[in-house]
Amino acid sequence: MNDMDKLEKYIKMSYTLGAIIILAGVTLVTVIQNYQQAGISLINIGAIIIFVTLWRARRYRDGPVKDERTVKIGAYGLSYSWFITLMVIALLFWVDELELIRMNVKHVLGILMFTMIITAKGIQWYLFRQGDVE
């Protein structure tokens, strides 16, 4: 299976998933009165999935660009992101140990999730702009 076949399969599955989630949301909104907010959330999630799929399908019309340089940059970006996230975990440990800030599990997980996402994409973007990794 080549990259274009994988991309087409991903696109079809994502559109199907988005449509199913939207239909579930519409069903919740119209049929069950106590689940209005959950139904609206499902409709939004389905719409976002379809929008992101459409955006990726347009972006990779000719197939994803994947060569040694892009794979290397992706790996370096993720490893740097992992290291930065590890440092944030250590920092959060000491913040909790010294009782500087009172945080619950939701706060910590939110901080870690955004740290991982932002640093991974940010570092990969920076390395792509540099051209290569040494």
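Predicted model: local features only at pLDDT ≥ 70, side-chain atom pairs only at ≥ 80, totals over all residues.
**A nonpolar patch on the surface**

Let's start on the outside. Six residues, Trp 82, Phe 83, Ile 84, Leu 86, Met 87 and Ile 89, make up a nonpolar surface patch, and together they have about 580 Å² of accessible area. Trp 82 belongs to helix H3, which covers residues 68-97. With a relative accessibility of 58%, Trp 82 counts as exposed, because the cut-off for that class is over 50%.

**A buried serine in the helix**

Now for a contrasting residue. Is Ser 81 buried or exposed? Its relative accessibility is 4%, so Ser 81 counts as buried, the limit being under 20%. Ser 81 also lies in helix H3. Leaving aside residues up to four places away in sequence, Ser 81 touches Thr 115, Met 116, Thr 119, Ala 120 and Ile 123. With one of these, Thr 119, the side chain of Ser 81 makes a polar contact of 2.8 Å. Helix H4 spans residues 105-130, so the partners of Ser 81, with numbers from Thr 115 to Ile 123, fall within that range.

**Two aromatic pairs**

How many aromatic pairs does the structure hold? There are two, and the table sets them side by side.

| Pair | Centre to centre | Angle between planes | Arrangement |
|---|---|---|---|
| Tyr 76 and Tyr 80 | 6.2 Å | 55° | tilted |
| Phe 93 and Trp 94 | 5.1 Å | 80° | edge-to-face |

The angle decides the label: at 80°, the planes of Phe 93 and Trp 94 are over 60 degrees apart, so that pair is edge-to-face. The 55° of Tyr 76 and Tyr 80 lies between the limits of 30 and 60 degrees, which means tilted.

The two tyrosines sit four residues apart in helix H3, so about one helical turn separates Tyr 76 from Tyr 80. Tyr 76 is partly exposed, at 30% relative accessible area, and Tyr 80 is partly exposed as well, at 40%. In the other pair, Phe 93 has a relative accessibility of 45% and also counts as partly exposed.

**A positive phi in the loop**

Our last stop is the loop between H3 and helix H4, where Glu 99 lies. What is the phi of Glu 99? The value is near 55°, which is positive although the residue is not a glycine. As background, most residues other than glycine have a negative phi. Glu 99 is exposed, with 69% relative accessible area.

Note on methods
Residues numbered from 1 in each chain as written. Heavy atoms only, no water. Patch = residues over 30% accessible without salt bridge, like charges linked within 9 Å, V, L, I, M, F, W, Y side chains within 5 Å. Areas by Shrake-Rupley, 256 points an atom, 1.4 Å probe, with all protein chains shown as cover. Salt bridge = Lys/Arg side-chain N within 4 Å of Asp/Glu carboxyl O. Buried < 20%, exposed > 50% of the residue type's maximum accessible area, 1.4 Å probe, protein only. Phe/Tyr/Trp six-rings, centres within 6.5 Å; stacked < 30°, edge-to-face > 60°. Polar contact = N/O pair within 3.5 Å; in protein donor to acceptor, adjacent residues only side chain to side chain. Contact = heavy atoms within 4.5 Å.
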